[in-house]
Amino acid sequence: MEFWQPNSPLNGLAHVKTARSKRESSWDRTGGNRDFKTVAPGDTFVIADIQGAGRIQHIWMTTRCYSEKYLRKLVLEMYWDGEENPSVRAPLGDFFGVGHAVAKHYVSLPMNAIFGPRRGPKGPFAAAMNSYWTMPFGSAARIQIRNESDQPIQNLFYYVDYELTEEPIPDDVARFHAYYRQEKTQKVVHEQTEENPAPWDLPGTNLTGDDNYVILDAAGGQGHYVGCVLSIDNHDASNQQFSWPGEGDDMFFIDGEIWPPSLHGTGTEDYFNAAWGFPSGEYAGPYHGITLGSSVQEHFGLWSMYRFHIEDPVRFNSSLKVSIEHGHANDQGNDFSSVAYWYQTGTHAHHEELPSVEERLPRRWPEHGLWDE
C-alpha cells in the first residue's frame, strides 16, 4: 500500500511510488488557442469524469461570467465512487476561500486565489483559484460545475491534476468533503446589566449552544474536520457600544455530546488565530487569514476569513457539530455563510440542495465584487 502512505511536503518527495500522473483540462482539442469551455445558463458541465482508484492532487480554475455576483451563482460539486449525493457542494467563490461573491487575492497552504491585472468592460475577471486538498477515490471521481446564473460562463478554464494506481484504497483512507451553509441569524436579546460594559462584560449567557450558527453538522462515519471559510455581513449595528461580531465563541460537539462541548473557544477572532480584534485589512497565512476585511471599528463590515486545521485536525468517530456564536451569546443578527472542509469514511450525511440563487446572494456587494481602490 505504498501509494496511500502520506507524504510530508518536502521529505516525501524522495520516495518513489508506482502511479500514473494524469490531467483533465479545458485545452483546445483542435490545437488552437481557445483553451476554455462555455457553459450556458442552467447547464451543468462535467469538468472531470475519472475511472479507477487514485487521488486528485490539484485543481486550478478561472472563469469569466458577466452575471452580477456570479461567484455565488456557480455551484461546484464533487462525487466519489459513484455516490448519488455529492461529497462537495458549494458556490464556486466560497469553496475557494472568499465569500460575498467577491474575488480577492490571497495565498494559504491548501488553497489560494491569484488576482490578475486584466479587466473587462464589466469589472475585473475572476481570480485564478487553486485547491491542493488531496481527494482520494476508490473507483471513480466526478467534478462538475452548475451555471445557475442568467448569463453564460463565457470562459471556463481548468486543470484537474490527479494520480491513478492499481492498489486498492485502504479502509482508513477517508474521502474529502466540503459543504456550504448560510443563515440570516436571529438576535438573542439579553437584559443590559451595566450602562457601558466593556466587551468582556457584555450581558447574557450561553450554556447550550442551541442558537449558535452551525458551520458543520456531519454524521455517518469516522473522520476529522480540517477547517472552514466563514463570511459575515455585519449589518447589525443595534448595539452601538460594541457591534462587531468577534465575541462569538466557537464550539465543537463531538460524537453526539450535548454540553459542554469537547472544544470551547473564547471568541471569533481567537478561533481564527487573531486577537483583540482583526487587523484593519487582509492578511494571508498558511493556516489562517482574512481574505476580505473591514476596519474593526466599522459597524457595517463585510468579512471573509479562513482557519485550516492542517496540524490540528478535529477527530470524530460518528458525528461532529461545529458551531460559533453570532456575537456574544448570540446577541447579534447578522448574515453568516460558510464552507466546512473535512475527511470521513463511510456514507456522509445527506447534503441538501443549496438555497435558491436569490436566497444565497449577499444583501450588500461592493461594485464589481471589489472595494474601491
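Helices and strands are DSSP runs, numbered from the N terminus; a helix (H or I) has at least four residues and a strand (E) at least two. With this numbering, Pro 260 is found in the loop between S18 and S19. The structure is a predicted model. Its protein chain contains three helices and 25 strands, and 54% of its 373 residues count as buried. The points below treat the chain as a whole, its core, its salt bridges, its surface and some individual residues.

**The chain as a whole**

- The accessible surface of the protein chain comes to about 17000 Å². Carbon and sulfur atoms account for 50% of this surface.
- Among contacts between residues at least 6 apart in sequence, 77% join residues at least 24 apart.

**The nonpolar core**

- The largest nonpolar core has 83 residues. The residues with the most contacts inside this core are Ile 56, Phe 95, Tyr 225 and Tyr 341.
- Domain 1 (18-164) and domain 2 (175-188 + 207-351) both contribute residues to this core, so the core lies between them.
- Not counting residues up to four places away in sequence, Phe 95 touches a set of residues including Leu 76, Met 78, Val 88, Met 111, Phe 176, Val 339 and Tyr 341.

**Salt bridges**

- A search of the whole structure finds 14 salt bridges.
- One of them is formed by the side chains of Arg 23 and Asp 161, at 2.5 Å from N to O. Arg 23 lies in strand S1 (residues 20-25) and Asp 161 in strand S14 (residues 153-165), so the pair ties together parts that are 138 residues apart in sequence.
- Arg 23 is partly exposed, with a relative accessible area of 46%, whereas Asp 161 has 14% relative accessibility and counts as buried.
- The side chains of Asp 81 and Arg 175 also meet in a salt bridge, at 2.7 Å from N to O. Asp 81 lies in the loop between strand S5 (74-80) and strand S6 (88-91), while Arg 175 lies in strand S15 (residues 175-184), so this pair ties together parts that are 94 residues apart in sequence.
- Asp 81 is partly exposed, with a relative accessible area of 27%. Arg 175, at 18% relative accessibility, counts as buried because buried means under 20%.
- A further salt bridge joins the side chains of Arg 146 and Glu 148, at 2.3 Å from N to O. Arg 146 is buried, with a relative accessible area of 12%, and Glu 148 is partly exposed, at 28%.
- Salt bridges that share partners join Glu 77, Arg 89, Arg 146, Glu 148, Glu 353 and Arg 360 into one network.

**The surface and the loop between S18 and S19**

- Leu 207, Ile 258 and Trp 259 make a nonpolar surface patch of about 340 Å².
- Ile 258 is placed in the loop between strand S18 (250-254) and strand S19 (263-264). With a relative accessible area of 68%, Ile 258 is exposed.
- The peptide bond from Trp 259 to Pro 260 is cis, with omega near -5 degrees. Pro 260 is found in the loop between S18 and S19.

**Residues with positive phi**

- His 100 has phi near 60 degrees, a positive value in a residue other than glycine. His 100 is found in the loop between helix H1 (92-95) and strand S7 (106-107), and at 4% relative accessibility it counts as buried.
- Trp 276 has phi near 55 degrees, likewise a positive value in a residue other than glycine. Trp 276 is found in the loop between helix H2 (268-271) and strand S20 (283-284). At 78% relative accessibility, Trp 276 counts as exposed.

**The surroundings of Asn 112**

- Asn 112 lies in strand S8 (residues 111-114) and is buried, with a relative accessible area of 10%.
- Asn 112 and Asn 130 are 18 residues apart in sequence, and their C-alpha atoms are 5.3 Å apart in space.
- Leaving aside neighbours within four places in sequence, Asn 112 is in contact with Tyr 106, Val 107, Ala 128, Met 129, Asn 130 and Tyr 132.

Conventions. Residues numbered from 1 in each chain as written. Predicted model: local features only at pLDDT ≥ 70, side-chain atom pairs only at ≥ 80, totals over all residues. Heavy atoms only, no water. Patch = residues over 30% accessible without salt bridge, like charges linked within 9 Å, V, L, I, M, F, W, Y side chains within 5 Å. Areas by Shrake-Rupley, 256 points an atom, 1.4 Å probe, with all protein chains shown as cover. Salt bridge = Lys/Arg side-chain N within 4 Å of Asp/Glu carboxyl O. Buried < 20%, exposed > 50% of the residue type's maximum accessible area, 1.4 Å probe, protein only. Contact = heavy atoms within 4.5 Å. Core = buried A, V, L, I, M, F, W, Y, C linked by side-chain atoms within 4.5 Å. Domains from an automatic or database assignment.
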